[in-house]
Amino acid sequence: MSNDIVIRGLGRYVPEKILSNADLESIVETTDEWITTRTGIKERHVVAEGEYSSDLATAAARMALKNAGMKAEELTHIIVATFTPDNIVPSCACIVEEKLGLKHRVAFDIAAACSGFLFGLEAARAMLALHPDANVLVIGSEVVTHRTNFTDRSTCVLFGDGAGATILSNKGEGPRLLDVRLSTDGELGNLLTVAGGGSASTYKPGEAVRDDYFIQMQGREIFKHAVRSMTGICNEILEANGLSNADVDVLIPHQANWRIIDAVGRKFEIPAEKVFSNVQRYGNTSAASVPLALSEAHSTKFIQDGDLVMLTAFGGGFTWASALLKF
Ligand code: ACO
């Protein structure tokens, strides 16, 4: 267990525009009833024209700075977890650095799909071990709807846009980040892909995008792996820290689908009232989902002082992770 990593501030941002299930009924052959019963999602936020991942990330970062009572100038490292950066180069993190009015920081992106924020927390722990005076901004930010095929009803109903941010330091007041656990399995990578535009799936000038430009997934298979992997890595981190599921006050799983969240809660044997969910309003925002939920659970007082909070996520790669926080 690491000792003194302090969560100085939490922030979040979602774009204004809402896409409801009723709106989707006029785009693809679907119904509010199907989406609600299969996923729990009622609506999701989508970016406006000209609004990018770096904009959502910067807005979430500003809220985290305000929450921490810190100035942007105090930040030393900026880590952005995203699979939907503004560009392949420059990184989203470098753009956020510029938008925050900073220079000469250490800014980089992390590609671990929906688990990316938790991978960012682990990277921050390494940064803080190497640079004890660092103030590390970790953001999950996504414009998933730009990589969503709105003619494919099996995927387009699931995703939304948003961002969540946190600032970590070795010093100061605030909740503690106690531990992080990560895992990956590349063999299962083909079950969830966004390939188009990568070096294995290039486009010639003027060529129309193919379906592989958008999220492709095998929903049922992912469902099974997601539940199994998140439950497993939650038990692993508890055992490593001499704790049990009875010690967990709040569980915040990746907000992919209400049925996955519910299944993780049940398999993990934690009462439903301790499981936080906002997937109903945001859909699956990938790397943004866990920090967005964490910030919201904190501001709405779902999380109380003294609570042991468990985060867990699962995403393409496959990647999966858990983290323990003490408020
Ligand atoms: N509206 C109406 N019908 C639909 C829709 C829709 N939007 N989408 C699919 N259907 C139909 C299918 O065509 C199928 O019809 P058929 O039986 O006539 O062939 C039927 O509904 C059932 O389809 P399934 O795919 O078997 O439905 P399932 O119960 O598995 O639910 C879902 C699908 C919601 C995608 C589920 O598998 C799931 O949530 N999986 C996890 C997906 C996920 O979370 N991915 C991301 C995780 S990792 C990350 O976050 C990047």
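1. **Ground rules.** In this predicted model, local features need pLDDT of at least 70 and side-chain atom pairs count only at pLDDT 80 or more, while totals for chains, interfaces and linings use all residues. Residues are numbered from 1 along each chain as its sequence is written, and side-chain values use heavy atoms, with hydrogens and water left out.

2. **Where the ligand sits.** The ligand lies between two domains, because domain 1 (5-173) and domain 2 (178-198 + 212-326) both give residues to the shell around it. The domain bounds come from an automatic or database domain assignment. The shell holds 24 residues, and Thr-30, Arg-38, Cys-114, Asn-257 and Asn-284 come nearest.

3. **What builds the shell.** Five elements each supply at least two shell residues: H2 (32-39), H6 (153-156), H7 (219-240), H8 (258-267) and strand E12 (308-315). Helix H7 gives the largest share, four residues. Helices (H or I, at least four residues) and strands (E, at least two) are DSSP runs, numbered from the N terminus.

4. The shell residues divide into 11 nonpolar, eight polar and five charged. Here Ala, Val, Leu, Ile, Met, Phe, Trp, Tyr, Cys and Pro count as nonpolar, Asp, Glu, Lys and Arg as charged, and the others, Gly among them, as polar.

5. **Polar atoms at the ligand.** Which side chains place a polar atom by a ligand oxygen? Asn-284 has one at 2.6 Å. For His-254, an N or O atom of the side chain is 2.8 Å from a ligand oxygen. For Trp-34 the distance is 3.3 Å. The protein covers 75% of the 1000 Å² of accessible area that the ligand has on its own. Such areas come from the Shrake-Rupley method with a 1.4 Å probe; for residues, only the protein chains shown count as cover.

6. **Aromatic pairs.** The whole structure holds four aromatic pairs. Phe-276 and Phe-302 form an edge-to-face pair, 5.1 Å centre to centre with 75° between the planes. This pair links distant parts of the chain, 26 residues apart: Phe-276 is in the loop between H8 and helix H9 (279-282), and Phe-302 in the loop between helix H10 (289-299) and E12. Rings of Phe, Tyr and Trp (its six-membered ring) pair if their centres lie within 6.5 Å; planes under 30 degrees apart count as stacked, over 60 as edge-to-face and the rest as tilted.

7. **Burial in that pair.** Phe-276 counts as buried because its relative accessibility is 6%. Phe-302 is partly exposed, at 29%. Buried means under 20% relative accessible area, exposed over 50%, and partly exposed in between (1.4 Å probe, protein chains only).

8. **A ring cluster and a cis bond.** Ring pairs link Phe-314, Phe-318 and Trp-320 into a cluster. Phe-318 lies in the loop between E12 and strand E13 (319-326). The peptide bond joining Gly-317 and Phe-318 is cis, with omega about -15°.

9. **Two buried serines.** Ser-115 lies in the loop between strand E5 (106-110) and helix H5 (116-130). At 0% relative accessibility, Ser-115 is buried. Its side chain makes a polar contact of 2.8 Å with the side chain of Thr-319. Ser-229, in helix H7, is buried at 13%. A polar atom of the Ser-229 side chain lies 2.7 Å from the backbone oxygen of His-225. A polar contact is a pair of N or O atoms within 3.5 Å; within protein, one must be able to donate a hydrogen and the other to accept it, and residues adjacent in sequence count only if both atoms are side-chain atoms.

10. **Backbone points to check by eye.** The bond from Val-89 to Pro-90 is cis, with omega near 0°. Pro-90 is in the loop between strand E4 (77-81) and helix H4 (92-99). His-104, in the loop between H4 and E5, has a positive phi near 60° and is not a glycine. Buried or exposed, what is His-104? His-104 is exposed, at 75%. Lys-301 also has a positive phi, about 65°. Lys-301 sits in the loop between H10 and E12 and is exposed, at 58%.

Methods
Near = heavy atom within 4 Å.
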